[in-house]
Amino acid sequence: MSTPIKKLEELIAFQEHAPIRIQTLGQFTIWRTGEKVDPKEWGRDKTVQLLQYFISNRRRNALHKEKIMDNLWEEGDDRDFKVALHGIHKVLEPERPSRTEPTYVIRQGVSYQLNLEKIWIDIDILEKYIVIGNETFGTDHSCAKKAYKLAIAVYQGAYLPNRIYEDWSSEEREKAQLLILSAYISLAEILLEENPLETIRLTQNALAIDPTWEDAYRLQMQGYLAKGNRPQAIKTFQKCEQVLDTEYGVDPLPQTKELMREIQEIS
Amino acid sequence: MSKKQDQTASFMVRFNQQIFEEDGESKVQWRGKISHVQEGDEQNFTDFNDALIFMQEKLANLTKEATKDKTTEQQEGILQKSLYMWKTMKEVGPKVLMETIKDPKKQLSQFQDQIQGQISSIGEEISEKVQIDEWRNASRSDYKKVKKSINELAEQIKQLSNKIDNISKK
């Protein structure tokens, strides 16, 4: 059984050598054997949409054609689907000989799914890095740190930002946001003693995604305190108090208030 | 006919649980965020009723938009019927949510009974108020679709029951 470090190495190697790499976080880009695919190659937007739908539903085994069309296009017909699918094959495997089975989008009858063993997808890898980070958080800080750092490097922004008004993409967007928030917080916690400045930066990133994330305020206060910047730690608490009051009408949690008391008592 | 997208509202609800000790007792606080996917609006809440009001407003806007070519009277009538579901949802929603968290198995069986109850009471409501003459008769394919959906739903409920049984055994 491979160790967490070994798993990390395998994932890094996959990122380097995967024949197809897809970025969905921050923007949508595809690399084919290391070369960025020109967006003009896609032709119709429906082709891009179909691939993005496959990515969003990659964990659901075998997506039925009728269901895909129903979820994606209000007036789409069978021909639209065929054209879009052909477009995907053409972009991913332009050199594929005719009458051979496609490698990346696998068909089983009228169901389809992506071949995740051959395609590197950032959101998929992000989750895998974070899982390794969480598994080793309490036992191997060095491995956890590496895993969270890799996850943070993969996260370039919201999932498919040009599809934020499409409901088929919202589940993945929410999931990616929660994953990256947890990675920021966990890494910020690990680094608190060793590098409080980095803790502060990571919590700022978390708060940029969700300004009500109270764990981030608490860690940021601890980070400023460790740097000897008591006034900034107090300001962070005040900001937390104000945001929670505005957004929820609640006070900070007792542990946050307790931390504030400790900071105030330091002369 | 309006586009399907104009007739759809999707919501993403996030609950963030905070458990803490205060004045010697354990407390729990739920902080939530609801997003309306098609417009991108968001609202934070600690009271689930606020999330329901948010949804209700968005759905009312959808109904208003879809009926803007009708007379004010017709529009109000449709809006009234549209909000009927929300009256029920707002009354039972938070209670159902709490009970589901406390006892999922019991709640699932109650859900099944409630769904049956609601279907019959909504059915009565509709038959009293809606102009049936304006409706077209259901076709054979409509029946097939409904039958298929019911079968799928029954299968999903069965699977859910099995999962809950497994969790209870653990």
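Why does A:Arg218 count as buried? The reason is that A:Arg218 has 24 C-beta neighbours inside 10 Å, and a residue is buried if 20 or more other C-beta atoms, placed from the backbone, lie within 10 Å of its own.

Before going on, some ground rules. This is a predicted model, so local features need pLDDT of at least 70 and side-chain atom pairs count only at pLDDT 80 or more, while totals for chains, interfaces and linings use all residues. Residues are numbered from 1 along each chain as its sequence is written, and chains are lettered from A and ligands numbered from 1 in the order in which they are written.

**Around A:Arg218**

You'll find A:Arg218 in helix α9 (residues 214–226) of chain A; helices here are DSSP runs of H or I with at least four residues, strands are runs of E with at least two, and both are numbered from the N terminus. Skip its neighbours within four places in sequence, and A:Arg218 is in contact with A:Gln255, A:Thr256 and A:Leu259. Contact means that the C-beta atoms, placed from the backbone, lie within 7 Å. A:Asp70, on the other hand, is 148 residues from A:Arg218 in sequence and 45 Å from it in space, C-alpha to C-alpha.

**A pair of helices**

A:Thr256 turns up again in helix α11(A), where A:Thr256, A:Met260 and A:Ile263 meet A:Arg230, A:Ala233, A:Ile234, A:Phe237 and A:Cys240 of α10(A). By class, this contact has six nonpolar, one polar and one charged residues. (Ala, Val, Leu, Ile, Met, Phe, Trp, Tyr, Cys and Pro count as nonpolar, Asp, Glu, Lys and Arg as charged, and the others, Gly among them, as polar.) The axes of α10 (residues 230–248) and α11 (residues 254–265) of chain A come within 10 Å and cross at roughly 155 degrees. That makes α10(A) roughly antiparallel to α11(A), a label for angles over 145 degrees.

**The sheet in chain A**

Chain A also has an open sheet of four strands in the order β3-β2-β1-β7, with mixed pairing. Strands pair if DSSP finds at least two bridges between them. Here are some of its strands:

| Strand | Residues |
|---|---|
| β2(A) | 29–32 |
| β3(A) | 35–36 |
| β7(A) | 119–121 |

The edge strands are β3 and β7 of chain A, each pairing on one side only. β2(A) and β3(A) pair in the antiparallel sense over two bridges, and A:Arg32 stands opposite A:Glu35 in β3(A).

**And chain B?**

Chain B has four helices and three strands, running β-β-β-α-α-α-α from the N terminus on. Of its 170 residues, 4% count as buried.

How values were computed: Axes fitted to C-alpha atoms, helices over the stretch in contact; angles between N-to-C directions. Parallel < 35°, antiparallel > 145°, perpendicular 65-115°, else oblique. Contact = placed C-beta atoms within 7 Å. Buried ≥ 20, exposed ≤ 12 C-beta atoms within 10 Å, placed from the backbone.
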